[in-house]
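Subject: Structure for your review

Dear colleague,

Please find below the structure that I am handing over to you.

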2 protein chains.
Amino acid sequence: MTTSIETSATAFRSYVKKMTSYNQALAVLHWDKATQAPRKGMEARSEIIGTLAGEQFKLATSKEMEQFLVELSEPATLEALDEITRHTVLECKKEFDRNKRIPAERYQEFVVLTSNAETVWEEAREKNDFSLFQPYLQKIVNFQLEFIEYWGNDGKNKYNTLLDLYEPGMTVDQLDPIFATLREKTVKLVAAIAESPNKPDTSFLTKNFPISEQDAFSRFILERIGYDFNAGRMDRSVHPFCTTFNPGDVRITTRFSENDFNSALFSCIHEAGHAMYEQNINPELLFTTLCDGTSMGIHESQSRYWENMVGRSLPFWKHFFADLQKAFPAQFEGVSVEDFYRAINEVTPSYIRTEADELTYNLHIMIRYEIEKGLINQTIEVADLPKIWNEKMKEYLGVVPPTDTLGVLQDVHWSGGSFGYFPTYSLGNVYAAQFTHVMEQEINGYNELVANGDFAPIRAWLKDKIHQYGKMKSPRELVSAITGEGTNATYLMNYLEKKYSEIYKL
Amino acid sequence: MTTSIETSATAFRSYVKKMTSYNQALAVLHWDKATQAPRKGMEARSEIIGTLAGEQFKLATSKEMEQFLVELSEPATLEALDEITRHTVLECKKEFDRNKRIPAERYQEFVVLTSNAETVWEEAREKNDFSLFQPYLQKIVNFQLEFIEYWGNDGKNKYNTLLDLYEPGMTVDQLDPIFATLREKTVKLVAAIAESPNKPDTSFLTKNFPISEQDAFSRFILERIGYDFNAGRMDRSVHPFCTTFNPGDVRITTRFSENDFNSALFSCIHEAGHAMYEQNINPELLFTTLCDGTSMGIHESQSRYWENMVGRSLPFWKHFFADLQKAFPAQFEGVSVEDFYRAINEVTPSYIRTEADELTYNLHIMIRYEIEKGLINQTIEVADLPKIWNEKMKEYLGVVPPTDTLGVLQDVHWSGGSFGYFPTYSLGNVYAAQFTHVMEQEINGYNELVANGDFAPIRAWLKDKIHQYGKMKSPRELVSAITGEGTNATYLMNYLEKKYSEIYKL
């Protein structure tokens, strides 16, 4: 490296450090707002979040940043940089270009629109009145089309531009066959389950489970699977989430329901799955833009893996069932581990995505994927959404929501302008099954490790293959390096068919 | 106001809003670090605090700020500004001038010095070895003398320049007679108490008080005195403190000791006294530099008022004693309210300032005041501090600390370069007694209100006379407007003599 490049690289890294310091501070301000802040402090808090987010945006889009990027992204210069700096340059350039291509006043209008749209969406959902939300959604869809023009498109499918925001490199060409597989096999499986006479008894899951005891048991399980409480903490919030300040401070939140054992514990494991990804990112990536999960789909693969492939598996509960019965002796009296395992895996077609079981969940996502693809390619009209939603619910899940509140109005994503996000939930499941398949082959005695509650070798594998890299490797690179193939839904369907055939004795 | 001034004033207010947003964010980051953050996240947290504090400092000392101040502090312009903007300009100018007068490289050296000095002080305290700390303290004192040169001095006493940092307008000329009064009367009173045969029984205060029950009872008392939990919260930290994000979010911390009832509750009341000051600042001052207590002394008057004048008074406990006995029936069985009142007001000359009782506390402060004055006026040598400390302890308190750890090394202040801060603790007591004297005259049935636990009229008075103004009025203006006189220690001594004569039946 020449002295001049070295000087620029050092200055750039220092600039990026400042920029990411704002991100960390903003994450703390958000976390505190969601979990700790008193009611009367909310308004001023929102204002300072707005102010600091504005400062962060200025840094990301400044003339100074532009000059760094012009200088450092010259091919020969890029080549001369160390690996971390090179990837940071590329990541910053991608963000910079994306931000710069939208005219500032249009972006500002979009921010105001989505801010208002979220309020209107809340009202529409409350009043079960899609027509209130419809004009806002129409404008948001129009903005997406406009943004696609600014950002450019691969000429194959407009929706690809949006998919790339959340899952770099993902396209409709890849997703269509994935959802075709999921659709075909899941719909059949759900139908077979509906006809099975061997339904699990779930009555004991809705007994009374004191919150403090659920909290203690959840912490016990999280410690055992390897969430590091010295590098994180668990608090309560309205909606569970995971937030990262730095790899040494990755926090999760949960909410407990006294009469529902099936929600909080698995939500905790899910969030801990996200958190363990970020806790294990290479510390050298701290204060770069790479110190983050590489995509929403890969992130979701980690939460789903721990929640479903591990947390809802029979070997896992064979190991922990004695602890569970010790924690809740009255509630699980006379319940066998098999009874419990079947109960926590009950399949019930339902209206709400966030409450769906492991199997039907992907059908909820598929509906959204098909609708988004149609809206962006202008083959579906916003006005027709309630009708289309209900038709697809009927076709795939066999149930029709009685209200739009329980249907097309249930999710916040569209009001915030997040199109292209939903598919990553199913991609998470698909990736998780692919990774599990490889782990079974690569990790000695994989099944015994789960059955013994010995997760250290599994965590080491995940860290080695996925976690450590942060954004240094793209999702495609990770999947290819680990599995030797592309995204493939067959592993997920094999896993689901095997699991549910046993549970429902099909 | 002309359009040009109006435009500048608006731009200035917006600039100050941004600057104070950083302060709020930094306060959240510090609070989180002290109360919530996991161990492994501390290092990165300290770095982002450093980065954002640097950004805030840049804003406070920028060319842009200088231009605002040059333009807006023209006498005619200043005159034309609204009151809040005018005071904000003056406050920013004071800070700006103070920061600008120190050469940047000297300030940087001072920051490094104090950062190292605090670590060395910790080590010296741990090893009971003043000689380790001595060279650092010497350099810090030298820096104080250098800073006084930069900042300027009134020509009367060099120490006045430092006093003004914490208590604007305070001087040695005012403080000397105050401490003379405190010295003369307190030393006599402490001696009389030592000879009194009527010592309180304090044995019940060190029974076992489960922490969760102390926590619940403290929250009950704080709610009753009027700390607004919808505009704040209480957490645990190693050292209790109060921190303000905005008037709608003023948080306090405490620490509980299972075998000492006398510490946590009164510490909670103390911090709540600070917090109620900030919760009641005029919300229009939000996002200006005036949204803060006007001085350390006035701030301390509010914490001491609630802690001592109210919280350690007999009428207060006559009202709450039934609640106390209900909360801790076994611990206070057979204890009368008078027994309890006498016990929580026990006077014992001791080594450690932070553990001192209401009466001897001012003697601890006086020792520090006399030493600081001597160091800054170069009549005392750093090398002689252990000897001088012990001589003064002997003279005023009648006890000599067996080690420097329990003596001259006990406080963190000097290692951080805080000279001029200590006197504000006693000023708080002095002001509190002056204000109480006025309240007794101005608030109808003042004593009955305390005895009935009806604090709303008292809070309204404090808000009206003190809290609402934030930094809009100087401490001198406040004291003069409320009391019609200057700082006067007679009221404090009258209060203390009356209180302790009764308790010890002198």
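The area buried between domain 1 of chain A and domain 2 of chain A is about 1600 Å², and carbon and sulfur atoms give 66% of it. Of the area that domain 1 buries against domain 2, 37% is supplied by A:Gln24, A:Trp31 and A:Ile84, more than by any other three residues. Please note that this is a predicted model.

As to the division of the chain, domain 1 of chain A covers residues 3-101, whereas domain 2 is made up of 203-347 and 430-472. The C-alpha centres of the two domains lie 31 Å apart. Domain 1 brings 19 residues to the contact, and domain 2 brings 20 residues.

A:Lys471 and A:Glu91 form a salt bridge in which the closest N and O atoms are 3.9 Å apart. Two residue pairs in polar contact are also counted between domain 1 and domain 2, both at pLDDT 80 or more.

On the side of domain 1 that touches domain 2, the elements giving two or more residues are α1 (3-35) and α5 (83-101) of chain A. The helix α1(A) gives the most, with twelve residues. By type, the residues on this side of domain 1 comprise eight nonpolar, seven polar and four charged.

Yours sincerely

Conventions: Residues are numbered from 1 along each chain as its sequence is written. Chains are lettered from A and ligands numbered from 1 in the order in which they are written. This is a predicted model: local features need pLDDT of at least 70, side-chain atom pairs count only at pLDDT 80 or more; totals for chains, interfaces and linings use all residues. Side-chain values use heavy atoms; hydrogens and water are left out. Domain bounds come from an automatic or database domain assignment. Contact means heavy atoms within 4.5 Å. Buried area is the accessible area (1.4 Å probe) that two parts lose on being put together, summed over both. A salt bridge is a side-chain nitrogen of Lys or Arg within 4 Å of a carboxyl oxygen of Asp or Glu. A polar contact is a pair of N or O atoms within 3.5 Å; within protein, one must be able to donate a hydrogen and the other to accept it, and residues adjacent in sequence count only if both atoms are side-chain atoms. Helices (H or I, at least four residues) and strands (E, at least two) are DSSP runs, numbered from the N terminus. Ala, Val, Leu, Ile, Met, Phe, Trp, Tyr, Cys and Pro count as nonpolar, Asp, Glu, Lys and Arg as charged, and the others, Gly among them, as polar.
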